[in-house]
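Work through the exercises below with the coordinates open. Each task is followed by its solution in steps.

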Amino acid sequence: MTVGSGQVYVVTGGCGFLGSHLVRMLLEHEKNISEIRVFDLHLDESLRTLSNDRVKVRLISGDISRLEDVREALRGSHLVIHTASLVDVWGRVPASKITEVNVTGTMNVLQACKEEEVQYLVYTSSMEVVGPNIHGDHFYRGNEDTEYRIYHKEPYPLSKAKAEKLVLEANGAKIKGGKLLYTCSLRPTGIYGEGHELMKQFHRQGLRTGRCVFRAIPPAIEHGRVYVGNVAWMHLLAARQLQIHPSTLGGQVYFCYDSSPYKSYEDFNMEFLSACGFKIIGSRPLVPYFLLYLLALLNALMQWVLHGFFTYAPILNPYTLAVASTTFTVQTDKAEKHFGYQPLYAWEEAKKRTITWVKSLEVSRKDLKDVGEKGNYCCN
Ligand SMILES: NC(=O)C1=CN([C@@H]2O[C@H](COP(=O)(O)OP(=O)(O)OC[C@H]3O[C@@H](n4cnc5c(N)ncnc54)[C@H](O)[C@@H]3O)[C@@H](O)[C@H]2O)C=CC1
Ligand SMILES: CC(C)CCC[C@@H](C)[C@H]1CC[C@H]2[C@@H]3[C@H](O)CC4=CC(=O)CC[C@]4(C)[C@H]3CC[C@]12C
């Protein structure tokens with residue numbers, strides 16, 4: 001549907017880390033829209049103030065796992081960017097809840113597209129639908145066609161893989177009014193940037209250890225990371241080109257990455273934390289892998305024992321250790337060839353923006369009670 005001179009886009013999960021960047025990206029760079037509907041279970045009222053004289057930002061509170069909520073949000077819209085998801089590899093929420101949101105929620109979006117005559121859907125998938133698997137099979141500079149031993153046991157990657165399959169299978173389906181539905185799926189690697197909750201955790205954790213990060217992963221293990229602004233930019237381009245060239249993009253998957261350097265997860269985080277005086281201790285892991293694995297197992301056991309009394313969900317568990325310890329990097333030009341994707345932000349710009357944000361965490365913490373870390377810099 002086109003309102004006034006522009007189209008109506010729906011962004012599910014639009015108040016999240018990626019979603020909020022996506023809303024801002026659409027406002028700044030998409031001239032063909034007149035309304036952005038931000039559909040989320042947890043609304044961020046600050047997004048409402050982003051409306052301008054050209055584009056209205058409309059916040060819609062709803063649950064993706066309830067079909068009626070989704071149908072109402074999509075009614076009269078032109079295109080959906082579906083990023084709403086429970087992103088949990090720590091056991092914070094039950095597996096059933098992850099499935100309900102990530103799989104049933106996606107089914108609802110597809111159903112609502114068909115019933116509300118929405119022809120275009122861009123799905124935010126993940127590198128996790130491919131890997132890394134827990135067997136330690138490295139994925140080195142892989143692309144969308146690279147053979148890989150895909151093995152999912154964990155609820156989150158399993159749910160993303162199932163959801164992506166549903167989205168791709170729905171491409172070309174007849175919708176109400178006799179039109180066809182066109183879908184495509186974007187697979188970001190590990191996203192970083194302003195607002196990344198996990199980076200906040202690493203920052204908090206580092207403050208508790210005197211701004212020291214004790215190396216746990218061999219530096220040779222490389223993980224692909226992508227700046228949130230470039231992920232948002234790729235979604236905007238895919239949404240635009242899916243409408244112009246549906247037969248090219250329809251039913252396709254695209255890895256989403258940029259020129260961020262391939263590094264171990266810890267070394268990459270230090271690109272930002274070191275600007276706040278953090279130091280990584282050890283040129284190689286300070287404890288042998290088997291000890292780290294024992295600790296991860298202990299965390300999993302503690303989570304099981306405390307289940308029902310207290311949600312114990314530390315960063316380190318057997319799955320996160322396996323993922324962190326397995327190289328997963330992508331190198332592909334499929335998105336460039338199909339819809340002209342080039343990162344909007346170069347690495348230096350992405351790094352600068354992220355450092356500025358991480359430094360703002362320091363300022364906000366200084367507004368809190370003293371954390372007793374004044375001058376407590378390790379390894380001076
Ligand atoms: N964070 C990362 O490193 C990566 C994330 N992704 C994908 O990107 C997307 C966005 O992820 P993030 O921004 O990191 O997560 P996030 O947790 O910041 O955002 C997800 C949003 O979905 C909303 N949501 C959750 N359950 C809902 C429900 N039942 N109904 C409506 N809204 C609901 C949340 O309130 C939140 O605003 C997800 O689909 C995720 O799978 C893909 C690759 C990497
Ligand atoms: C062993 C040390 C304590 C370091 C732990 C780091 C891990 C918490 C993270 C290493 C790799 C991350 C995952 C990766 O970036 C792929 C992802 C894709 C998504 O769609 C969601 C997030 C994640 C699973 C991401 C989660 C944190 C890591 C496991």
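**Exercise 1: charges over rings**

Find the ring under the charged end of Lys334 and give the distance. Solution: the charged end of Lys334 lies over the ring of Tyr254, 5.1 Å from its centre. The criterion is NZ of Lys or CZ of Arg within 6 Å of the ring centre and within 35 degrees of the ring normal. Next, the charged end of Arg225 sits over the ring of Tyr265, at 3.9 Å from its centre.

The model is predicted: local features need pLDDT of at least 70, side-chain atom pairs count only at pLDDT 80 or more, and totals for chains, interfaces and linings use all residues. Residues are numbered from 1 along each chain as its sequence is written, and side-chain values use heavy atoms, with hydrogens and water left out.

**Exercise 2: an aromatic pair**

Classify the pair formed by Phe139 and Phe255. Solution: take the rings of Phe, Tyr and Trp (its six-membered ring), which pair if their centres lie within 6.5 Å; planes under 30 degrees apart are stacked, over 60 edge-to-face, the rest tilted. The whole structure holds 17 aromatic pairs. For Phe139 and Phe255, the centres are 6.0 Å apart and the planes 55 degrees, so the pair is tilted. Finally, both residues, Phe139 and Phe255, are buried (under 20% relative accessible area, 1.4 Å probe, protein chains only).

Technical notes. Chains are lettered from A and ligands numbered from 1 in the order in which they are written. Buried means under 20% relative accessible area, exposed over 50%, partly exposed in between (1.4 Å probe, protein chains only).
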